[in-house]
Amino acid sequence: MGFSNVNHQLLSEIATNDQHGENSSYFDGWKAYDSDPFHPTQNPNGVIQLGLAENQLSFDLIEEWIKENPRASICTTEGVSKFRDIAIFQDYHGLPEFRSGIAKFMERVRGGRVRYDPDRIVMSGGATGANELMMFCLADPGDAFLVPAPYYPGFDRDLKWRTRVQLLPVICESSNNFQITKAALEEAYERAKEASIKVKGLIIANPSNPLGTVLDRETLGSLVSFINEKNIHLVCDEIYAATVFSSPNFISVSEIIQEMECNRDLIHIVYSLSKDMGLPGLRVGIVYSYNDAVVNCARKMSSFGLVSSQTQHFLASLLSDEVFVGKFLAESSKRLAKRHKIFTEGLEEMGISCLKSNAGLFCWMSLRPLLKEATTEAETLLWRVIIKEVKLNVSPGSSFHCMEPGWFRVCFANMDDATVEVALGRIRKFVRQGKEGEATEKKKQWRKNLRLTLSSRIHGEAVMSPHKISPHSPIPHSPLVRAST
Ligand SMILES: Cc1ncc(COP(=O)(O)O)c(C=O)c1O
């Protein structure tokens, strides 16, 4: 202990403060999975990962393309002649063919209704890097960005730590399906003003993580009007743009600003191939700003998080194959729609409802009837039981800053069909246990009994044997994540 204190004194304030934002049940759930990951044969009673928004449903399409296009790689006999050109120093502008491939892909995903200038594409290490880059360009330490809640917990981790920017939630409610209203925006803005906090912008994820919904034209228009009136920035994280799998269509802020008067210098898009193409490991993030000064500054800053030129080279080929891109986008959304249907219908049969959604890699599930009381503590209690006993890593609403207890985000696209069935089976059994309680006790008492069962399980946690660490864990144990799950 003494040793680590001495070490701390040798480090910077940023290195030793607790602002990294991984201190959340969202990341604790990952740890629970990491220490006991499900495997159908080697660890069938392990934790199933329903807390990771990955799109693993269309890998086969990309693998097929790679086999048919060996020249796209510099590590094949067919492609090695390009090795030297690609391996030498690249500046922070990026390969022109990569920027134009990304711009075309973004246009295609937005139905060809907008045009993107490749010279405005700035690279970054995933949307994570791109979002932080935006904060560095637009805000000073102590300044704030408004963010509609519930919101992606990674924002707390990614946007605040190094930049010292604050995030102020705009409270959205289930009574109107968590829509972002003008009144809620005004209220959050006024609250900041009263606390003498300078608001520099509004950041949104459209489609939403965790809701899986898309913003309609009217709401987008009202957001653009709001930021114009206040003369603050609008950062639109459109990382889930191509995960929309049924109507209504995705509408980008780029379309809205074509249709209405606004100061384009205030509009910025963050994009990535992590979700739409399911390639988070390639760390391809993009900033697209309509503001020349921001493009210039972001480009200079991007040298801290460039996309490797090997990846750029590969993706330039892949994305310029328009036939492949068309096929991929259509097939990917078909598969997401099918998986979403299986998942939500399975939950419905058990009496569990989800917010109506048509995008994303997750659904926003309501377990409010299972709460002992409508509090965050009761939600956390239920979440612990789901992880420890039902062995599912779902993410509690409180980690998304949801103001109403009882909502959980459940990811459905990071596993195969068989694992989905196992996960649904576990939930079914859990709910059935509650119903059996109803039969043995007096009518309408089952929920209360279930709550009692849950709470006795929680108290029994201390005597449970420690989880075995699975050799199949893909994630190294992180010392940054709290051990308690
Ligand atoms: C809304 C949102 N933004 C950014 C990210 C980070 O994406 P990337 O892997 O491209 O850094 C995620 C990942 O879950 C996300 O949901």
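This is a predicted model: local features need pLDDT of at least 70, side-chain atom pairs count only at pLDDT 80 or more; totals for chains, interfaces and linings use all residues.
## The four-stranded sheet

Let's start with an open sheet of 4 strands, ordered β9-β10-β13-β12 with antiparallel pairing. Strands here are DSSP E runs of at least two residues, numbered from the N terminus, and two of them pair if DSSP finds at least two bridges between them. At the edges sit β9 (353-354) and β12 (395-396), each pairing on one side only. Helix α14 (residues 322-349) packs on this sheet, where it touches β9 and β10, and its direction is about 10° from that of β10. Such angles run from 0 to 180 degrees between N-to-C directions, with axes as lines fitted to C-alpha atoms, for helices over the stretch in contact. Helices are DSSP H or I runs of at least four residues.

Inside the sheet, β10 (residues 362-366) and β13 (residues 407-411) run antiparallel, joined by 5 bridges. Phe362 has Cys411 in β13 as its bridge partner.

Residue numbers start from 1 along each chain as its sequence is written.

The pLDDT (the predictor's confidence in each residue, from 0 to 100) averages 89 for the protein, and 88% of the residues score at least 70. Over residues 452-485 it is below 50, and this stretch has 42 contacts in the model beyond near neighbours in sequence. A contact means two C-beta atoms, placed from the backbone, within 7 Å.

## The seven-stranded sheet

Another open sheet has 7 strands in the order β2-β8-β7-β6-β5-β3-β4, and its pairing is mixed. Why is one side of β2 (121-125) and of β4 (166-171) left without a neighbour in the sheet? Both stand at the edges with a single partner strand each, so nothing pairs on that side. From one strand to the next, the twist averages 25°.

Take β7 (residues 267-272) and β8 (residues 284-289): they run antiparallel, with 5 bridges between them. Tyr271 stands opposite Ile286 in β8.

## Around the ligand

The ligand has 14 residues around it, and Gly126, Ala127, Thr128, Ser272 and Ser274 come nearest. To be near, a residue needs its C-beta atom, placed from the backbone, within 6 Å. Helix α7 (residues 126-138) gives the most to this shell, with 3 residues.
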